[in-house]
Amino acid sequence: MRNLFVALCLLAFGTTLAAAQQYDLVLEGGRVMDPETGLDAVRNVGIRDGKIVRIVATPLSGRRIVHAAGLVVAPGFIDLHQHAQDLTSQRVKAFDGVTSALEMEIGAPDVAQFLKAKEGHSLIHYGTTASHVAARALIFGAPLPEGTILPKSGPATDQAATPEQIGQIQQRLRDELDAGALGIGMGIEYTPGATRLEVIDMFRTAAERKVPVYTHMRSAGRVEPGSAIQSTEEVIGAAAITGAALHIVHINSTCLRDSLECISLIEGARARSLDVTTEAYPYIAGMTAINSAVFNPGWREKLGIDYGNLVVPDTGEHLTQKRFDELHNSSKPQWVLIFANTQEIVDAVIPNPLIMIASDGAEGHPRNAGTYSRVLAQYVREKKTLTLMEALRKMTLMPAQMLERSTPDAHRKGRLQEGADADIVVFDPQTIADRSTFEKPMEPSVGIHYLLVGGTAVIDEGKLVPDVCPGRALMGPGKAKASH
Ligand SMILES: [Zn+2]
């Protein structure tokens, strides 16, 4: 089915040929919102050749006029943390307003292969970091199995690397940056054998190439040594020592009860002029591979949970010790939901001005399909702890500015401005809502009327357009340098 869909992907030819009218498409009379300029007014938006050309109050003519009265016209959402990169997940991301979804936390194991596989076959824009986890597995002689991004726990994750191996890992990451990676992704909790010096050395490589490190930190919870606070200190320290920019992923699911304290550590680092940012998703459960090093001995004490707090997504099965041992020791990378957070903490984290919204999306967890609509429904409309503009800033401008550290192309993203890329979401602020649940994680959100990716409609009148693949790669400075 997926192959059939790929085969049907067509290029959008001919938009410039029929230029009898001034614009390819006009979004007429919508509430145009741009978090950078603060524009929040009824405007007409003229789109040509994949770009926003004109934003005015006076009428515009075009080959097609879309009536957007009563709807919000905003920059398409940019998800910095999306693991599932297949078309099935991209479709539910589109219904959640996402026009760019990048694998930045861990990174694709082979950047060139990732970019090649997606070229011309992607519904939305994409990109990736260089994976420290995968580079380490490769150098330890245990490359990741095809289609996986996380290693099973074992010597390659749990043993310290020799200085020679560290040098080889750094070289692999440089090669991956040359292939177009947008930064270095580090899942330190998945490689507990990585010493503090190994972590600093990877930050040195990022600093040398002037790209950020995106990291899932070393440890969660409160048990010392190894608390979330200490883990935050470790990466902020590495950023301070090396000068690399640092993005801490899903602070909600790593810092748990200490999330607000971890955010205050980031605030402190930023006050000392360090480039440190973070993100969260609006759910009380996390999800990861059960055979990974996250579940090495001590995880129950660390997370303050028990076997029964682990749930298999497809079946809803709560684990017992016996089932846990069986799955943890298996080489099959089974996802498991981890119920370790509270609604109060999530509700306090999401509105914090330092928090970008990022989904950590993968099939099996409702965050894959519902993250952005859920924030708009629950925090903007129901709890009213965020204004619509604040929420849009977290979903558009902030992640675009994060990507600007690696690519100038990101200056044209996350903005509803003349000259910006026509990555646009048109939604009803009164009805937008997530429908995905832990029982039905892939239910698409409702309320998105139109989604444009580089000017091409991917959702049109609320329906998926089946035969387009306008997604393009965002690539880092290494690729630009290598192609000169
Ligand atoms: Zn993670």
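## Two buried rings

Y307 and F324 are both buried, meaning under 20% relative accessible area with a 1.4 Å probe and protein chains only. Their ring centres lie 5.5 Å apart with planes at 55°, so the pair is tilted. Rings of Phe, Tyr and Trp (its six-membered ring) pair if their centres lie within 6.5 Å; planes under 30 degrees apart are stacked, over 60 edge-to-face, and the rest tilted. Y307 sits in the loop between α11 (299–303) and β15 (310–311), while F324 belongs to helix α12 (residues 321–329), 17 residues apart. Helices here are DSSP runs of H or I with at least four residues, and strands are E runs of at least two, numbered from the N terminus.

A word on the model: it is predicted, with local features needing pLDDT of at least 70 and side-chain atom pairs pLDDT 80 or more, while totals for chains, interfaces and linings use all residues. Residues are numbered from 1 along each chain as its sequence is written, and side-chain values use heavy atoms, leaving out hydrogens and water.

With 3% relative accessibility, Y283 counts as buried.

Charges meet rings too. R367 lies over the face of Y281, 4.7 Å from the ring centre, and K383 lies over the face of Y379 at 4.6 Å. The rule asks for NZ of Lys or CZ of Arg within 6 Å of the ring centre and within 35 degrees of the ring normal.

## The zinc site

E105 (OE), H216 (ND1) and H250 (NE2) coordinate the zinc ion at 1.7 to 2.2 Å. Donors are N, O and S atoms within 2.8 Å of the metal (3.2 Å for Na, K and Ca); water is not among the atoms, so sites may look incomplete. The donor spacing in sequence reads E-x110-H-x33-H. E105 in strand β8 and H216 in strand β11 (residues 213–216) link parts of the chain 111 residues apart, and both residues are buried.

Notes:
Buried < 20%, exposed > 50% of the residue type's maximum accessible area, 1.4 Å probe, protein only.
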